[in-house]
Amino acid sequence: MSRVYNFSAGPAVLPEEVLREAADEMMDYRGSGMSVMEMSHRSKMFESIIGQAEEDLRELMNIPSNYKVLFLQGGASQQFAMVPMNLFKNRVGDYIITGQWAKKAWQEASMYGTANAIASSADKTFSYIPDVSDLPVSENADYVYICENNTIYGTKYKTLPNTKGKDLVADISSCILSEPVDVTKYGLLFAGAQKNVGPAGVVIVIIREDLIRDEVLPGTPTMLRYKTHADNNSLYNTPPAYGIYICGKVFQWVKKRGGLQAMKEYNEKKAAVLYDYLDQSCLFKGTVEKKDRSLMNVPFITGDSDMDALFVKEAKAQGLENLKGHRTVGGMRASIYNAMPMEGVEKLVAFMKEFEEKHGK
């Protein structure tokens, strides 16, 4: 069977080149006589794998030396608790609610102190990013928190919030490596790997060193302290070794393609193909305000749930997989991460045109 075009929001499409390389090395990684999957995380060989992965990510994202890069487990969702556990001094966090994941993070933080929702786009089903230029940031807030790209709703911050001097914490799970980023504007960034970086099971945390503290909330487990992992170069316990190895290959693939500026330009071209069609279609309609559209996740609807279901079914028969929208919103969603080739988007649009000719009113 040939490969399909996989529009899944995560775990998501990986570069074919990376998969082929991993397949070639599955039985014997560089003469070691074993797979990375079987390798001791304490071995010199694995230390070089994780070290190279960090070095490549630092180069790609231009991460300053006063930020630590951690490869952790528990997914992005575990960060919803780790952030307040480690960063709460005054036990106050300000949250901007632009979708399900920001909402879950806000709810989790409220278990450890005061979590203020200082802005929200819930009034229009999270179809836009609220104005973040002059927010009621709490004087004693330990940080301001955002989910930068909203996977379910297809929105993306084009301008970061004015945090009025407070540290910015951002979940960048579905936009990491899709465009250049100024790491110095954040106190902490984190990303689950399974959308734009690698397989599920790895979460990358980029944290400014002064936020790695001995003083954390009482009762914070050893494994949930950033300091534990920073002091041990992400090797305090057995890390998700094979996942980190694949992430490292993806970093090298992005570098080969010209880095984050080149990725951004390619992603803009890909997204334009789909958005331009949606903007002139009579059957399909995008659900996001134009100014806030994501380059990575594109939700759309026909306005008829039966028609949506038929579209998803017929698309699947054409090798266009995982186009069903998230269960909370319905409709369709095409996730077009870095590894989705232009041909995949063009094939999707060609099929949408066909479908519209056949079923359009």
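Are phenylalanine 300 and phenylalanine 311 buried or exposed? Both residues are buried. The model is a predicted one, and every value here is computed from it.

Start with the whole chain. The secondary structure comes to nine helices and 14 strands. The C-alpha atoms fill a box of roughly 65 × 60 × 30 Å along the principal axes. The radius of gyration is 21 Å, and a compact globule of 361 residues would have one near 21 Å, so the two agree. Of the 361 residues, 55% count as buried.

Contacts tell of the fold as well. Among contacts with a separation of 6 or more, 69% join residues 24 or more positions apart. The accessible surface comes to about 15,700 Å², and carbon and sulfur atoms hold 49% of that surface. As for charge, the chain has 42 positive and 45 negative charges.

Now the aromatic rings. The count comes to 15 aromatic pairs. One of them joins tyrosine 29 and tyrosine 245. Their ring centres are 5.7 Å apart and their planes stand at 90°; edge-to-face requires over 60 degrees, so this pair is edge-to-face. The pair links distant parts of the chain, 216 residues apart. Tyrosine 29 sits in the loop between helix H1 (16-24) and H2, while tyrosine 245 belongs to helix H6 (residues 241-256). Tyrosine 29 has 6% relative accessibility, which is under the 20% limit, so it counts as buried. Tyrosine 245, at 4%, counts as buried too.

Phenylalanine 300 and phenylalanine 311 form another aromatic pair, again edge-to-face. Here the centres are 6.0 Å apart, with 80° between the planes. Phenylalanine 300 lies in strand S12 (residues 297-301) and phenylalanine 311 in helix H8 (residues 305-317), so the pair ties together parts 11 residues apart in sequence. These two rings also belong to a cluster. Ring pairs link Tyr277, Phe284, Phe300, Phe311, Phe351 and Phe355 within it.

Next, look at helix H2 (residues 44-61), where phenylalanine 46 lies. Its relative accessible area is 0%, so phenylalanine 46 is buried. Which residues does phenylalanine 46 contact, leaving aside neighbours within four places in sequence? They are Val36, Met39, Ser40, His41, Leu235, Pro239, Ala241 and Ile244. Cysteine 147 stands 101 residues along the chain from phenylalanine 46, and their C-alpha atoms are separated by 32 Å.

Asparagine 150 comes next, in strand S6 (residues 149-150). With a relative accessible area of 2%, asparagine 150 is buried. Leaving aside neighbours within four places in sequence, asparagine 150 is in contact with Thr98, Gly99, Ile129, Thr155 and Asn297.

End at arginine 333, in strand S14 (residues 332-335).

Note on methods: Residues are numbered from 1 along each chain as its sequence is written. This is a predicted model: local features need pLDDT of at least 70, side-chain atom pairs count only at pLDDT 80 or more; totals for chains, interfaces and linings use all residues. Side-chain values use heavy atoms; hydrogens and water are left out. Helices (H or I, at least four residues) and strands (E, at least two) are DSSP runs, numbered from the N terminus. The radius of gyration is taken over C-alpha atoms; the globule rule is 2.2 Å times the number of residues to the power 0.38. Buried means under 20% relative accessible area, exposed over 50%, partly exposed in between (1.4 Å probe, protein chains only). Contact means heavy atoms within 4.5 Å. Accessible areas come from the Shrake-Rupley method with a 1.4 Å probe; for residues, only the protein chains shown count as cover. Lys and Arg count as positive and Asp and Glu as negative; His and the chain ends are not counted. The place of a charge is taken as NZ of Lys, CZ of Arg, CG of Asp or CD of Glu. Rings of Phe, Tyr and Trp (its six-membered ring) pair if their centres lie within 6.5 Å; planes under 30 degrees apart count as stacked, over 60 as edge-to-face and the rest as tilted.
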